[in-house]
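Subject: Structure for you to look at

Hello,

I am passing on the structure we spoke about. Please open it alongside this email, and read the notes below it.

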Amino acid sequence: MRLCLPVLAATLAAFAMASASPCFAEDSRPIAVNNPPAQQTALIDLLALMSGHCKTLTVAGRTFACKAVAYAHADKGRVNFAVAVDDPNDENHVVSFSGENGKRADDNSYELPIDRMLLNSKDRPKVDGLPVPAEQASTGVCRQTGNFAAKKVNDVTCTATDNEGRRYELLFVSDGTPVSVRRIRQSSPSIQDPFK
């Protein structure tokens, strides 16, 4: 089974609807994006859904709660820490910290340099009925502690600033439930695959 990035967003939104928590957002207007649309050619080959809560979720200066957090690895090596945002005005609101060349410092820590944010909302254009995320060039880093291979993640922290100066922050803390890891299809792992 093959999933592209828009399907991941839809999957997270559907999965997240089952465990909603209160939203702290004051406003859920779409974020203006000044980058050209990118080609969505990578296919997700591995997906890890994490159970817990977001102690912090800031999207361009607005504070939200989250419904779900997932790690998604694409067959070409791109990684996303995707967050289904708890937004009562937009069930398609998903933000992803996206990057390549992640590294493990040891068996219980993984660091991913962020080079873009993927922003999805109900206002995005659709392909095959699913909203396609906008890409916003960004710089930052995500750090995950725990071990995906052992299906145990303690936390995920991400910070990024886009090329318009907007900040994005995530502090996700696991509730101790084992990570649900799904290999969607076989592919060559990227360097420093955190699932080894």
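A polar contact here is a pair of N or O atoms within 3.5 Å, where one must be able to donate a hydrogen and the other to accept it. The model is predicted.

By that definition, S138 has such a contact: its side chain reaches the backbone oxygen of Q136 at 2.9 Å. S138 lies in strand β12, which covers residues 134-147. Is S138 buried or exposed? Its relative accessibility is 6%, and buried means under 20%, so S138 counts as buried. Leaving aside neighbours within four places in sequence, S138 is in contact with I114, D115, R116 and M117, and also with A160, T161 and D162.

Q136 comes up again with N163. The side chains of N163 and Q136 are joined by a polar contact of 2.3 Å. N163 sits in the loop between β13 and β14 and, at 44% relative accessibility, counts as partly exposed. Its C-alpha atom is separated by 5.8 Å from that of A137, although N163 and A137 are 26 residues apart along the chain.

In soluble globular proteins, nonpolar side chains tend to be buried together. The largest nonpolar core in this model has 32 residues, and the members that touch the most others are M50, L57, Y71, F81, F97 and L170. Two or more residues come from each of β2, β3, β5, β6, β7, β9, β13 and β14. The largest share, five residues, is from β9. As for L57, not counting residues up to four places away in sequence, it touches R62, T63, F64, A65, C66, V83, V85, E169 and L170. There is also a second, separate core of seven residues, with L49, A72, A74 and I184 among them.

Which strands does β7 pair with? Six bridges join β6 to β7, and these two run antiparallel; V79 stands opposite G99 in β7. Six bridges also join β7 to β9, again antiparallel, and there the bridge partner of V95 is L119 in β9.

Regards

Notes: Residues are numbered from 1 along each chain as its sequence is written. This is a predicted model: local features need pLDDT of at least 70, side-chain atom pairs count only at pLDDT 80 or more; totals for chains, interfaces and linings use all residues. Side-chain values use heavy atoms; hydrogens and water are left out. A nonpolar core is a set of buried Ala, Val, Leu, Ile, Met, Phe, Trp, Tyr and Cys residues joined through side-chain atoms within 4.5 Å. Buried means under 20% relative accessible area, exposed over 50%, partly exposed in between (1.4 Å probe, protein chains only). Helices (H or I, at least four residues) and strands (E, at least two) are DSSP runs, numbered from the N terminus. Contact means heavy atoms within 4.5 Å. Two strands pair if DSSP finds at least two bridges between them.
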